[in-house]
Structures are given as structure tokens and as C-alpha cells.
Amino acid sequence: MSTSRLRWVIPAAVVPVLVLLAYGFRTDPREIPSPLLGRPAAAFSLTTFAGTPVSLEGLRGKVVMLNFWASWCVPACYEEAPALERTWRAYKDKGVMVVGVDIQDKEEAARQFLARFGHSFPNAPDPTGRVSVDYGVYGVPETFFIDRTGRVRFKQVGALTDEIARSHLDVLLKEPS
Amino acid sequence: MIPELGYGATVAAFVLALWGAVAAAMSARTGRAALLRSGERAAVGAWVLITACIALMLYAFLTFDFSVQYVAVNTNRGTPFYYRITALWGALEGSIVLWSWMLSIYTLIVVVQYRRRQPELYPWVLSVMLGILAFFLLVMTIPAPPFERLTPIPADGRGLNPLLQDSGMITHPVALYLGFTGFTVPFAFAMAALVVGRTGEEWITITRRWTIIAWYFLSLGLLIGGWWSCHVLGWGGYWAWDPVENAAFMPWLTGTAFLHSVMIQERRSMLKLWNLALIILTFGLTIFGTFLTRSGIIGSVHSFTQGSIGVFFLGFLALVLLGSFSLLASRIERLRAEGVLDSVVTRESMFLLNNLFLVAATFTVFFGTVFPLLSEAVRGVKISVGAPFFNLVNIPVFLALLFLMGVGPLIAWRRASGANLKRNFLKPVVAGLVAAGTLRALGVANGLVLTAMALVVFVAGTIALDLFRAVRARRRSGDDWGAATWGLLLRQNRRYGGFIVHLGILVISLGVAGSQAWSVQKEVTLDRGQSMELAGYQVRFDGLSGSEESNHAKVTGTFTVTNGRAGGDVLHPAKKFYPQEQTPIAAVDYRLGFFEDIYLVLGDFASDGSHATVKLQVNRMVSWLWLGGLVLTLGAALAILPDARRPA
Amino acid sequence: MTRGLAGAAAAVALVAVVGWATAAPPPAAAPPAPAATKVDEQIAHDVASQLRCVVCQSLSVADSPSETASQMRAIIRDRLAAGDSPEQVRAYFVEKYGDWILLSPPKSGFTLLVWVLPFVGLGIGLVLVAVVVRRWSRAPRAATPSQLDPAVRERIRRELSEMDKS
């Protein structure tokens, strides 16, 4: 067997592996694309910390910003909390509903969190985790933008900012029901 | 002060190591001894400076010097004394310091051992080792400097990762790194042998002990990691096929293959090309392992961080693999096999099969680990490759390896005859089948366990038979059984050290098979005073209590466990709340037994202690893994003893 | 002899296949669940062990000590109790999280590659080993004295194995 050229197969075989590993720098293993985008959002029916019921059905026709948070989620949930409240105040009369879902939390800690940021939009605990699994939540904070027809359109993983919220909401508000 | 001093020492060490590598290489090409001496002095200097770095860092830890960022991130005023020392290697930057220090020590040992004994190979070996050391020092200088200054100086630090505050985590990285860095020496000798053209058995004979020691520490590191996983992580399992676990397992697999295949080259002058490729692969996999842990390209419970450090490691990996394989390719004519076989069933072919299975397992683990990356690159879809895949694909290979472990050592070199086979294997095969049959009769239906048991008894039988016959032969010269056995073990320590290592692997295999087949678990929410039952154990929830430790708050559950046979035992699984962590850390409580361990993991609980969720796990045969590790230690120790006939 | 190697390889393969065929995902030998739960704990555990915990990345939902996994286990039990089959429960999780939530990639399409390649590689390797061994044994044989006194042969063997340090 002619080894003169064939021998260089040995080092050459290493190259595709190195290329694949280099590709790995462009990906983030912690970011999982959501299969829910474009699909109808899962129904939920929860009781807020104030004792009132809130459900997705009751919000049909509005654009819904569904935010998953927890009091132990430091620092991201604390960073985005003021932005959530600001967004709510700016958009509540434009047909937008902001709903917060608190997961895997203790009630006192959650109430303290809410009191600290003075959230005026409804927040409800999800004691069994059913809603968070229904939305494929794998970390906090995560925010889902649901259009008027009840479809999930955008998912924000990580802390929300005013700009991101605004840009998504403006797009969805332009659409008819 | 300390940050600046430390940084200075790091840079100086890097310059010295780099100079030493160049000087040693130049001395080999020009023959000027002065350059070689200069390289040696550089090696000593690098070691001194790295030791100084470690001393500075330890001083900073012990004096709560939070001006050093590494100290501030990894300890706080509540961190216990001994953890402040082990925090040195608890995070990324410190781990590189430890690695560099070990490399520098190994380099010094190489200097002392070989400067007179191997004048032709030695300069190149020194050059390669200093070059590798220089790389790690470069990492310490640019992407991961341990001596970053933190301003303003905080009043208190963040604290050591609670998962690392455990005895297993003190020893696991040390053992693992001793293993990884240990393989640098055979690799350096392989490179030297290629450059110089001395591609015979020499470099293998010289590095034989290094290989065994490195292999042993790698095995130990993996076992300690399994122990830690079992007892600290809270899931009661010892191996999850996590990408970083795989990354440490792969060099172990190829290292084991290398350990065996070099014996063929030593005796028969065959497989020269293969052995060189195997040590390059093994060393490359150790670098790949550190790359994977630190680059963050594959998500893992172990991953330290992301950032530019990954680029450095990938670059180095590329340099090492492309460089050494190209060197190998260019010298390929010198690597012809010299021996011949007289039949096809020989020990050589058994060793080849051994290598095939080990490398196949390596390929499988590698492919499974990077496949999510490949899938994303090709299809843009994220998928997972987890334990079910690795278990399914690797089990047949490991069973085959068990079989070879029994067959290999007793088939003759060069040719085997039917009589030889029958003589050596008939009784052990029968013993294996009888063992499996007995188990079956006792009610064990799990095919995996039956097969594993049959193989284990078969292999143990071959070892016992060989030992018995050899001791009996020795006895003819007048010794009693004890002296004959002892004398035999010492005289042929390589062979019997290897056999004892095999026995250790057998014990571990039994542990793995048993725990896979027979472990059970159950999770229940209990009210106070209520009990749950599993596998003959009753667990009663008695209450909760809270406490404040030096650096965390703790909620401890009290559970009384009875199993009808002995009296009750009280276990205290807890949940620890560290201020710097987002979610609480579970502290498992357990009782170990020869055949059975029980674990209790505290889950969710009500603040008033009225009820709590607890998971009881009854693991069978897990203790055999640790016992096997002990046997392994004895075998490795025997194998590296100096030869009885010639000086070491 | 080729027959000898074939015999050895066949024995190895037989062992491997038997071990593999009987080593389907090892179900823990759990005792039957007490009558209180309608759902077979074993089935729930099986489903949970095929799903990946989203928090502790390499562990299954069955093994993971995290609270998320605990909630998922409860959801699995509830769905099974409500009449879903294990496949339907798995499909539910895939619908919410994507294929990524499965610990084992599906055995179809592109991901079939990861299941098949290891065995293909092993097969190719076995062929290579056979080729190499034949090449080594095809070399012209040195004249081996076939008629040797058995006692002498035994002594030689013993001395050779003495020299054989491993």
C-alpha cells in the first residue's frame, strides 16, 4: 500500500473534529429554542396572591405578556422587575395584559418580592409547576408574548428590558384579533 | 501587593518555561550542552516561581485577603479553614495553577532521572514538557489569571461553591490532575523518540512506570468522582455520562489500551505506529478534557466558565494533535512491525481485540458527547445524548472486555494450541457457568447481572488457576505456600500486579452490574410521624430543625429508619441554604453497607415542619466500587515495584 | 488458524450480544406500589428516567434531586393516572421542550447516526483487526521443531513463563 500520500490522512482526520469544536463557540448550550413559537398557548387558570382568579381564556383578545419569576432568582428577576412594572403601566390601556407566575417559591419570600417592586399587575404562584412545564420553562426569568388569538409569538429568556418588551408588544398590538 | 507579586511570578515562570523549551530543543539540534543546562535551570526556576504563586495564594486565602479577586470569589469569612486551602483548586484559575505546578514537578523529576541516562532523548523530552508547561502558564497569564486585583476590596467574599465543600472534592481534582499530567511524560518521550528516530521499545520501557502511575491516578480520580457524586450531589448515583465525566473517561479508556498494547511492542516489536498514535490520542484527550470543562461549549454540571479560555485550549489542542500526528506521519517508514505470529489465536490478537474494544468505546463516548453539537451544526436542532445511549452502546463492549481479561493473559504469545486453551480455560469456564446457574436458581433473572457474574467468576477463575499453578511450581523448590506466593508476587510483580488490578476491575464490574440491576428508589411526602416503606426499610418522618452554620443556614430533617433486622437508626438529611447560591443544596444522609447502601434526600418541606418530601434510595452493591478501588491500588502498587532482578 | 480466531471472535460476539440483548434499559426491580396510588410506580419511574432534567443537565427527571424534577415527576404521575400512555406523556414533554428533553435521541432521521455509527465502527474495527492479524501470521514461518520431547517442552515453557514478567 502506498504510504507516501496516505500517511497524511492521519493528521488530516483531526481537522473536521477541530472545526466542529470551533463551531461550538458560536452556540450556547444553555439556550434551548422553544417549540411553542407560533403554536396556541397552553391554557392556565391560577389564583393570584391577592386571591383573585386569572386565566388565559379570560384574556382572549388581549396581547398577553406572561412572565415567570422567583424571589430566589438573583439577579435577573430583580433587574427586570422595574421594567415589567413600567411596561405594564405604559401598555395597560392599550389592550395588553401582564401576568406574573411565581414558581418554586415560598409565599412570604414571594410577597416580599412583590411588595418591594410594587407590582400592580396580577401575580400568581404555580405550586405544582404545571403551568411552567406547560410553557416549557427551564429557568427563570422567562417571558412569553402571546398574541390576541392566543398564540405564543416570542419568548424572552433572561431578564427583560423596556426595549425588548416594547418592540414585541408594538408588533403584536398592530395585529387584528 | 499579593496580586502584583503573583502576576509577576506567573509571567516570569512563563518566560522561563518558554525559554527552557527553546533552549533544550536548540541544544539537541546544535549539540551545545550549555543550552541544555540553561533549559534545566529554566525548569527549576519555573517550578520555584509556580510554588511561590501557590504560597502567595494560600497566604491570601488564610489571611482573608479579598484584594485578590480569586480569594474574594471563592471564600468568605465563614469558610472553614481547610476549605480555604482547598479552594485553591476549587475554581478555574486555581485549577490551572495546580495543573502547572504538577507539570513543573514532573518536569523536574524527568530532569533528575534522565539527564544522564538518556542523553539522546532527554533534550527533546525536556523541550516538549517545558513547552506544554509554557502553554499552561500562558493560560495563567492571559485568559485566566489567578492574581487579578479586585477594587474596591469587598468586606466579605462570596464563598466556596457548596458542592465543593466536601472531602471528595478535596481529593478528586488532585488525583485526576495527577493522572492527566502524568500522561505528559510518555507523550513527551514518544515525541522525542519520533524526532530522534529511536522508535523501538526504548521509549516504552522507560515510561512504563509513568504510564501505570498516571493510569492509576486517573482511575482513582474517576472513582473519587463517583463517590462524590453518590454522596454529595443528592441523586445517589455515581456516574451520569455527563460530558465532563466522559471527557475524563476517554483518556482513561485509551490509556488502558495503551498500557496493554505497549506490551506487544516490548515483546514482539509490533504495533509501533499504533502505540505512538495511542499515546498522542491519550494526551490529546486530556487536553480535550480540560478544553471541554472550561470552554462551555457543551453544557454540563461541571462546566467552569466561558470566555476566551476555550479558544486558547482549542488552539493548543489543534497544535498538539496536528503537530504530533504530522510528525508521526512523516516518520512512518521507521515504524514497521518486526515480529511474526504463528497462529491467529495468540495473546497478540487478544491484545488487539482489547485495544479495539477500548478504542471503540472511546469513539462511542466521544461521538455521543459531541453529537449534540453536530446536530445543532447540521440541522440547527438541539438534542440530548444521555445515559440510556451510553449504557446501551457501551455495555456489550465492556462485557467483551471482561471476557478478554480472562482469556488474554493465559493464551500463549505467538501461538496457542488447543491443548493449551483447554488446560487453561476449561475449569474457569465451567466455574463461570456454574456461578451464573446458581444465581439463576436463586431467582436472579436479570440477564446483564447473570452474564456479568459468569464473566467475573470466569476471569477470577483464570487468575486463581494461574496463581495456583505458579505457586505450586515454586513450592517444588521447597518454600511453603505463604513464602512461595509472596516470592512469586514479588518476582513477577508486573504480571501479578496486573492480575490484581484485573481483580479490582472485576469487583468494580460486579458493583456496577449489581447497582444497575437492583437499586430501587421511592419518593413520598410524609406528615410528621408518618412512615414509608421500601425494600424492607421503614422510614418515619420525625421532624425538622433549623440551624445556622458558619457560612450557610441549614434545615435538617430527622428520620428514623428501621429494617426489622437491626434496631432503628436516625438519619439527618438536610437542605443547606448558602446566601450566594440561588437554590438550596441537598445534603444527603446515608448508611453504607457491604451489599446495600441507603440514602435519604430531603426534598420540599413545609416551614412549620408538618410535612416533608423525602426520597429513599436503596443502592445495592455500590460499596463494591470503592472496594474495587482499594484492590486496584494494591495491584498498581505491586506492578510498579522495582524489578527484583535488576535495579530500578 | 482462521477457525481458531473465528471461534474466539464468535465467543466474544456471543457474550456481547447476550449481554446487550438482555441489557435493555435496566429497570430497577422495584416492588409493586402500594394500593394507594393508581399508577404503577415502575412505569412512572421509567418515563421519568427517559426525560432530561432541565436544571441538572445530565441527570434524568427520575434521578434529579431538584425541585423542578420533583414537580415533573408529579406531573408524570398525574398524566399516567389520567389515562395517558407512557408514549403520550413523553410526547407531551417533547411538545413543550423539544427533542432536547429526551435523554436518548430519537432512533430516526439524523439522530439515527449516533445509534448506528458506534456499531459500524466496531464492525470495521473487527475487520481491521482480522486483516492485521492475518498479515502478521502470513509472514514466512521460521522452522519450528514439531517433534520435541514433552518433558523438554514443559521445562522450556516453564522457563519462558518465568522470564515472562507479565
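Which residues touch the most other members of the largest nonpolar core? In this predicted model, that core holds 212 residues, and the members with the most such partners are Phe136(B), Phe187(B), Trp203(B), Phe288(B) and Phe313(B). Apart from it lies another core, of 48 residues, which includes Ala42(A), Leu66(A), Val99(A) and Leu114(A). As background, nonpolar side chains in soluble globular proteins tend to be buried together.

The surroundings of Trp203(B) can be given residue by residue: leaving aside residues up to four places away in sequence, Trp203(B) touches Pro186(B), Phe189(B), Ala190(B), Ala193(B) and Arg198(B), and also Phe258(B), Gln265(B), Asn275(B), Leu276(B) and Ile279(B).

**Helix 5 of chain A**

Helix 5 of chain A spans residues 107-117, and within this helix Ala110(A), Phe113(A), Leu114(A) and Phe117(A) are buried. Viewed down the axis of helix 5 of chain A, the buried residues fall within an arc of 95°, so they line one face of the helix. On the other side of helix 5 of chain A, Glu108(A), Gln112(A), Ala115(A) and Arg116(A) are exposed. The cover over the buried residues of this helix includes strand 3 (63-69), helix 4 (76-91), strand 4 (96-103) and strand 5 (123-126), which belong to chain A. Gly118(A), with a positive phi near 60°, follows helix 5 of chain A.

**The contact between chain C and chain A**

Chain C contributes 15 residues to its contact with chain A, and chain A contributes 18 residues. The area buried between chain C and chain A is about 1500 Å², with carbon and sulfur atoms giving 51% of that area. On the chain C side, Gln71(C), Lys96(C) and Tyr97(C) lose the most area to chain A, together accounting for 40% of what that side buries. The count between chain C and chain A is one salt bridge; Arg130(A) forms a salt bridge with Asp78(C), in which the closest N and O atoms are 2.8 Å apart. Eight residue pairs are found in polar contact across the interface of chain C and chain A, with both residues of each pair at pLDDT 80 or more. Helix 3 (67-81) and helix 4 (86-97) of chain C are the elements that give two or more residues to the side touching chain A.

**Backbone features in loops**

| Site | Feature | Angle |
|---|---|---|
| Val140(A) and Pro141(A) | cis peptide bond | omega about 0° |
| Thr151(B) and Pro152(B) | cis peptide bond | omega about -5° |
| Trp241(B) | positive phi, residue other than glycine | phi near 55° |
| Met621(B) | positive phi, residue other than glycine | phi near 70° |

Pro141(A) lies in the loop between helix 6 (130-134) and strand 6 (142-146) of chain A, while Pro152(B) is found in the loop between helix 6 (122-141) and helix 7 (167-182) of chain B. Trp241(B) is located in the loop between helix 9 (202-232) and helix 10 (243-268) of chain B, and Met621(B) has its place in the loop between strand 10 (611-620) and helix 19 (623-639) of chain B. Trp241(B) counts as buried because its relative accessibility is 8%, below the cut-off of 20%. Met621(B) likewise counts as buried, at 8% relative accessibility.

Methods: Residues numbered from 1 in each chain as written. Chains lettered and ligands numbered in written order. Heavy atoms only, no water. Core = buried A, V, L, I, M, F, W, Y, C linked by side-chain atoms within 4.5 Å. Buried < 20%, exposed > 50% of the residue type's maximum accessible area, 1.4 Å probe, protein only. Contact = heavy atoms within 4.5 Å. Helix = DSSP H or I, 4+ residues; strand = E, 2+ residues; numbered from the N terminus. Arc of directions from axis to C-beta. Buried area = accessible area lost by both parts, 1.4 Å probe. Salt bridge = Lys/Arg side-chain N within 4 Å of Asp/Glu carboxyl O. Polar contact = N/O pair within 3.5 Å; in protein donor to acceptor, adjacent residues only side chain to side chain.
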